[in-house]
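Hi,

Here is the structure I promised to pass on. Have a look at it first, and my notes follow below.

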Amino acid sequence: MPIAMITGATSGFGRAAARRFAADGWSLILTGRRTERLEALKKELGSKMEVLILPLDVRDAEAVARAVEELPDAFREVTCLVNNAGLALAPEPSQEVDLKDWHTMIDTNVTGLVNVTHAMLPLMIATGRGASIINIGSVAGRWPYPGGHVYGATKAFVEQFGYNLRCDLKGTGVRVTDISPGMAETEFTLVRTKGDQAASDAFYRGTTPLQAEDIAEQIVYVATLPVHININRLEIMPVCQTWSPPHFERE
Ligand SMILES: NC(=O)c1ccc[n+]([C@@H]2O[C@H](COP(=O)([O-])OP(=O)(O)OC[C@H]3O[C@@H](n4cnc5c(N)ncnc54)[C@H](OP(=O)(O)O)[C@@H]3O)[C@@H](O)[C@H]2O)c1
């Protein structure tokens with residue numbers, strides 16, 4: 001059975017993707033920092049297929065490299081890497097942001113993603129034709145909004161990094177896709193507001209946001225396309241989300 005490795009499998013898109021891959025019989029390597037959640041997911045899915053859990057902070061390059069180096073033989077032929085771990089912080093304007101929050105977003109969404117990708121590239125290339133690297137970007141990587149600042153910039157990085165990676169992977173058969181969701185109801189806003197459940201509820205109230213399962217479906221779709229197809233970027237919004245016109249400050 002094919003193997004998927006998912007970063008940030010303890011919540012949201014990552015956990016839903018784990019369940020969706022499991023439903024198709026894939027073996028799983030699941031990572032995240034919250035060990036108890038990884039263990040719960042292994043308990044839930046592990047009776048049906050092989051599940052390896054790796055408690056891991058993607059920001060720690062050495063730990064990531066070591067974890068990949070020490071993958072057991074049975075888990076080395078990875079068909080799909082889902083670079084999903086990420087977060088937004090600091091919804092306030094740039095001029096009011098704590099610098100630490102900017103660093104955390106860069107360290108997780110940019111440095112963490114390249115740490116995992118760098119460690120996994122030899123394995124993905126060894127798998128070759130049909131392998132996929134699926135990076136979770138965001139509409140925020142293309143469409144600016146007040147309070148998007150570094151979060152949007154990290155997701156622009158994810159998109160551009162993926163395209164450049166594709167250039168280097170020419171001839172290896174390894175595919176690279178940026179899946180860029182819009183508003184989705186996960187723990188994302190709870191994390192962004194540092195645990196403010198009321199603020200998170202207010203953000204989603206009256207909307208019909210994407211659900212984690214909607215994105216999981218797209219992840220599995222991309223990973224299981226015929227091996228000659230590469231979807232470069234898939235941008236997905238809920239119907240209730242559109243754009244605003246440019247804002248003009250007038251005297
Ligand atoms: N929800 C949205 O509206 C939305 C829209 C567009 C894009 N996205 C992107 O989708 C991805 C998944 O987010 P989500 O909405 O599913 O949010 P979520 O429910 O908060 O899940 C985020 C996941 O990332 C993991 N993570 C965060 N920091 C980590 C670190 N340093 N090391 C390892 N794992 C880490 C978390 O696990 P631990 O805390 O256990 O480590 C968790 O499993 C993110 O990249 C996010 O930017 C979300």
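This is a predicted model: local features need pLDDT of at least 70, side-chain atom pairs count only at pLDDT 80 or more; totals for chains, interfaces and linings use all residues.

Residues are numbered from 1 along each chain as its sequence is written.

**The sheet**

Strand β2 (residues 27–32) pairs with β3 in the parallel sense, over five bridges. On terms: helices (H or I, at least four residues) and strands (E, at least two) are DSSP runs numbered from the N terminus, and two strands pair if DSSP finds at least two bridges between them.

Those two strands belong to an open sheet of seven, ordered β3-β2-β1-β4-β5-β6-β9, with parallel pairing. β3 (51–55) and β9 (233–236) are the edge strands; each has a single partner, so one side of each has no neighbour in the sheet. On average, neighbouring strands in this sheet are turned by 15° against each other, direction ignored. Helix α2 (residues 35–45) packs on the sheet, where it touches β2 and β3, and its direction makes about 180° with that of β3. Axes here are lines fitted to C-alpha atoms, for helices over the stretch in contact, and angles run from 0 to 180 degrees between N-to-C directions. Contact is called when two C-beta atoms, placed from the backbone, lie within 7 Å.

Further along, β5 and β6 pair in the parallel sense over five bridges, and I136 stands opposite I179 in β6. β6 is mostly covered, with seven of its seven residues buried (20 or more other C-beta atoms within 10 Å of a residue's own; exposed is 12 or fewer, partly exposed is in between, and C-beta atoms are placed from the backbone). R175, T177, I179 and P181 point one way from β6, V176, D178 and S180 the other way, and all are buried.

Just after α1, G25 takes a positive phi of about 85°.

Helix α5 (residues 149–168) should span 28 Å over its 20 residues, and 29 Å separates its end C-alpha atoms, which agrees. Its buried residues pack against α4, β5 (132–136) and β6 (175–181); among them are H149, Y151 and K155.

**Around the ligand**

The ligand is surrounded by 31 residues, the closest being G8, G12, R33, G86 and F188 (a residue counts as near if its C-beta atom, placed from the backbone, lies within 6 Å). α1, α4 and α6 (188–192) each supply at least two residues of this shell, and α1 gives the largest share, three residues. By class, the shell has 13 nonpolar, 13 polar and five charged residues (Ala, Val, Leu, Ile, Met, Phe, Trp, Tyr, Cys and Pro count as nonpolar, Asp, Glu, Lys and Arg as charged, the others, Gly among them, as polar).

E96 is in the loop between β4 (78–83) and α4 (99–127). With 9 other C-beta atoms within 10 Å, E96 is exposed. Its C-alpha atom is separated by 36 Å from that of L30, 66 residues apart along the chain.

Cheers

Note on methods: The expected span of a helix is 1.5 Å times one less than its number of residues.
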